[in-house]
Amino acid sequence: MSVATQVKCPFCYAYGPARRGPEQECDDCLRRWTPVPTREGAAFSISGRPCRVTAAVNNTVLPPRHGFAHESFRHPDLARLRRKYRLGRIASGINAEFDRQLALRDWVCAAWAAGQPSVPFPPLVHEDHVDRMLTLARREGRAYFCTYKAMASVELASAFGWTARLVNIMKHMVHEIWSNDYNKWVLHDSLYNMHYERDHLPLSAREIREEHHRNGARGVRAVWGRGRRDLGPAHCADFAWYVVYMHNNFFDFPPGDHIHPLLMPRDRWNRNGHWRQGVQITRRRGDKYLCKGMVVEESDPRQLDYKINQTEVFLLQREGALWARFQHNMPNYGALMTRTDGHAWTTHRNCRKAEVLWPLRAGTSTLEARCVNSAGVPGPLSVIAVRSAR
Amino acid sequence: MSGTRQSPRCVPTDKDPVVVAGDILPELRVQFWDFMSLPLLREFLHIASRGDLGKIDSITGVGRTDNGRAYSFRWKRGGHALVRKSAPIQNAGHARIAGRLDFETINRIRNFPLFHLRPEFRYVG
Ligand SMILES: [Zn+2]
């Protein structure tokens with residue numbers, strides 16, 4: 001089913017064919033409504049008043065094809081970690097979320113060295129846990145290599161109310177954190193205290209891979225530390241192939257448990273290719289990860305970098321007035337926040353039931369909506385501005 | 001993922017000191033894995049001079065780039081970094097870092113990409 005040409009029901013979020021005429025009916029819940037367009041430039045009228053959408057950032061919720069098992073931000077181990085390591089101090093005094101995420105990465109980088117004396121390879125992730133790693137590093141000078149750094153970073157991100165996912169590129173483990181500031185996944189390397197940027201925009205693993213295949217990652221820069229120091233052109237060959245671990249509930253299910261799926265790009269860059277490592281290369285047999293049996297192959301960039309923390313606004317007309325309804329896809333959802341014309345925020349515990357009457361004033365009116373997760377972290381803001389004549 | 005197994009090309013000369021939380025070292029010697037990169041070395045010296053790594057007073061060392069050319073380098077607080085060609089060296093080289101080096105500073109230095117360069121991996125963890 002292509003959702004592009006379909007109409008989404010603002011009550012039950014089911015897709016269906018658009019009907020002729022202004023009124024729509026949902027084939028699933030049978031409710032009827034008269035939608036009002038939310039795209040920039042769209043014109044409509046309410047009780048005979050001509051209106052126009054003058055600005056719109058509507059963070060639409062696309063149906064995901066692949067599920068992800070999220071850590072609960074209320075997990076007792078997270079509260080313990082926050083207390084024991086006084087994690088609140090790491091990003092205190094830093095306002096921008098992305099800068100806070102860089103502060104966490106710098107802290108993880110400085111928490112132990114990847115060198116000697118090291119843990120064995122391959123990793124014994126089932127025996128290791130961020131608390132144990134931090135303790136042994138501090139007390140015994142224990143070193144842990146990239147896999148452990150990335151795993152610890154994902155666990156610690158949860159302690160801050162950020163959603164992170166483990167990413168294995170070729171010969172190296174890294175992670176991504178969802179950035180509400182940039183409204184995208186951003187790849188982080190907490191071993192080297194680095195991320196990757198193009199035109200000062202931080203990139204995801206998928207974007208780095210695409211840059212590598214398109215042009216040898218010509219425009220990609222390696223960026224270090226809290227101060228985003230430019231280290232020069234990045235070496236991105238290891239991004240030719242990657243998998244995303246589709247869970248981050250590591251306190252109960254350590255990575256590599258053969259239960260949760262792995263998401264792997266399979267597209268024109270690797271259609272008939274093999275990702276082989278070690279003895280697989282010399283024997284010219286086997287495929288890394290595919291042999292595990294739980295790999296999901298995906299070519300759609302929107303599914304590989306599926307967006308989270310989105311709040312979609314639906315506008316509808318009812319009895320001559322303009323109303324708004326909402327849909328979100330925020331893991332660890334806390335509440336929906338809405339406001340009109342810059343007034344005080346209204347909190348809605350149940351996003352699906354929330355309905356906001358939007359009284360348009362003469363001139364420009366604005367409606368803003370975003371969700372906040374159970375750790376108090378707000379998602380990206382959806383904003384719609386409508387100009388109306390008296 | 002990559003282990004910490006060493007490349008046969010690298011000739012390890014030092015054993016890394018075991019550093020624990022609370023330690024403060026006046027000096028630390030860090031080896032390059034296989035080679036160094038001049039642009040990364042310059043960024044490392046620049047970042048160190050800005051205090052982003054920790055309390056570092058001076059850096060001296062010698063290393064070779066992946067084409068085999070050797071360079072010596074030095075920087076002292078308040079001064080400019082100096083990088084110049086040097087006599088050929090056999091090993092991958094090292095940096096000697098002095099200052100008030102605590103656990104976090106030492107970890108940041110050891111994890112800096114400059115010290116993890118190998119031909120087939122570039123950065124290696
Ligand atoms: Zn419906």
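Trainee: In this predicted model, what is the relative accessible area of A:Cys29, which is described as partly exposed?

Mentor: A residue counts as buried under 20% and as exposed over 50%, with partly exposed in between. A:Cys26, which is a zinc donor as A:Cys29 is, falls on the buried side with 3%. A:Cys29 is partly exposed because its value lies between those two limits, at 22%.

Trainee: How are the donors of the zinc ion arranged around it?

Mentor: The protein donors are the SG atoms of A:Cys9, A:Cys12, A:Cys26 and A:Cys29, which lie 2.2 to 2.4 Å from the ion, and along the chain they follow the spacing C-x2-C-x13-C-x2-C. Ideal angles for four tetrahedral donors are 109.5 degrees. Because the 4 donor atoms subtend angles of 107 to 116 degrees around the zinc ion, the arrangement is tetrahedral.

Trainee: Turning to the largest nonpolar core, which residues have the most contacts inside it?

Mentor: In soluble globular proteins, nonpolar side chains tend to be buried together. The largest core here has 110 residues, and helix H4 (residues 146–159) of chain A supplies its largest share, 9 residues. The residues with the most contacts inside this core are B:Phe44 and B:Phe112.

Trainee: Which residues of chain A does B:Phe112 touch, not counting residues up to four places away in sequence?

Mentor: Within chain B, the residues that B:Phe112 touches are B:Leu40, B:Phe44, B:Ile47 and B:Leu53. Its contacts also reach into chain A, where B:Phe112 touches A:Trp224 and A:Leu231.

Trainee: Is A:Thr340 buried or exposed?

Mentor: A:Thr340 lies in strand S19 (residues 333–340) of chain A. Leaving aside neighbours within four places in sequence, A:Thr340 is in contact with A:Val356, A:Trp358, A:Thr366 and A:Leu367. Because its relative accessibility of 16% is under 20%, A:Thr340 counts as buried.

Trainee: Within what arc do the buried residues of H1(A) fall, seen down its axis?

Mentor: In helix H1 (residues 76–84) of chain A, the residues A:Asp77, A:Leu78 and A:Leu81 are buried, and the buried residues of H1(A) pack against helix H3 (130–140) and H4 of chain A. On the other side of H1(A), A:Pro76 and A:Arg83 are exposed. The buried residues line one face of the helix, because, seen down its axis, they fall within an arc of 100 degrees.

Trainee: Which residue just after H1(A) takes a positive phi?

Mentor: Helix H1 of chain A covers residues 76–84. Just after H1(A), a positive phi of about 45 degrees is taken by A:Arg86.

Notes: Residues numbered from 1 in each chain as written. Chains lettered and ligands numbered in written order. Predicted model: local features only at pLDDT ≥ 70, side-chain atom pairs only at ≥ 80, totals over all residues. Heavy atoms only, no water. Donors = N, O, S within 2.8 Å, 3.2 Å for Na, K, Ca; no water. Tetrahedral: all angles 85-135°; square planar, octahedral: opposite > 155°, others 65-115°. Buried < 20%, exposed > 50% of the residue type's maximum accessible area, 1.4 Å probe, protein only. Core = buried A, V, L, I, M, F, W, Y, C linked by side-chain atoms within 4.5 Å. Helix = DSSP H or I, 4+ residues; strand = E, 2+ residues; numbered from the N terminus. Contact = heavy atoms within 4.5 Å. Arc of directions from axis to C-beta.
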